[in-house]
Amino acid sequence: MITLAQSKANHDEFLLSQNKSMRVIQEINRPPVKITIFEWNQKYMIKFEKGVLEQTYKIDLWDLSPDTHPESIAQKLLDQVTPRFDEMMSDLEKALQPHHG
């Protein structure tokens with residue numbers, strides 16, 4: 001059986017193999033959340049991770065003004081992302097419970 005961590009690692013490896021030009025722009029640790037900002041296919045990808053969960057936002061490069069940096073977008077999203085992780089974990093725990101019906 002594949003664990004969630006292995007599935008995530010396989011997914012990340014697949015993404016990297018599809019386009020060698022994906023590059024990490026910045027990694028930001030805001031415990032308990034890790035933020036990684038990528039540039040890939042004319043997009044910024046802002047990935048938030050907490051444990052086995054992740055949320056990713058894709059932003060077209062041309063949607064940002066020249067003076068807007070993806071780090072500032074990540075910081076603005078952090079307040080909404082953090083409670084959403086709690087909701088996601090609750091949903092996952094419910095989904096993993098045996099069905100008694």
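Author: Strand β3 (residues 43–50) and β4 run antiparallel and are joined by eight bridges. Strands here are DSSP runs of E with at least two residues, helices are runs of H or I with at least four, and both are numbered from the N terminus. Two strands count as paired if DSSP finds at least two bridges between them. This is a predicted model, in which local features need pLDDT of at least 70 and side-chain atom pairs count only at pLDDT 80 or more, while totals for chains, interfaces and linings use all residues. Residues are numbered from 1 along each chain as its sequence is written, and side-chain values use heavy atoms, with hydrogens and water left out.

The side chain of Asp60 makes a polar contact with the side chain of Lys43, at 2.9 Å. A polar contact is a pair of N or O atoms within 3.5 Å; within protein, one must be able to donate a hydrogen and the other to accept it, and residues adjacent in sequence count only if both atoms are side-chain atoms. Leaving aside residues up to four places away in sequence, Asp60 touches Gln42 and Lys43, where contact means heavy atoms within 4.5 Å.

Ile37 has Ile46 in β3 as its bridge partner. β2 and β3 form a hairpin with two residues between them, and Asn41 in the turn has a positive phi of about 50 degrees.

β2 is joined to β1 by seven bridges, and these two strands run antiparallel. Here Val24 is partnered by Phe38 in β2. A hairpin of two residues links β1 to β2. Six of the eight residues of β2 are buried, so the strand is mostly covered; buried means under 20% relative accessible area, exposed over 50%, and partly exposed in between, with a 1.4 Å probe and protein chains only.

Taken together, the four strands make an open sheet in the order β1-β2-β3-β4, with antiparallel pairing. β1 (23–30) and β4 (53–60) are at the edges with a single partner strand each, so one side of each has no neighbour in the sheet. From one strand to the next, the twist averages 15 degrees. Helix α2 (residues 70–96) packs on the sheet and touches β1, β2 (33–40), β3 and β4; its direction makes about 145 degrees with that of β4. Axes are lines fitted to C-alpha atoms, for helices over the stretch in contact, and angles run from 0 to 180 degrees between N-to-C directions.
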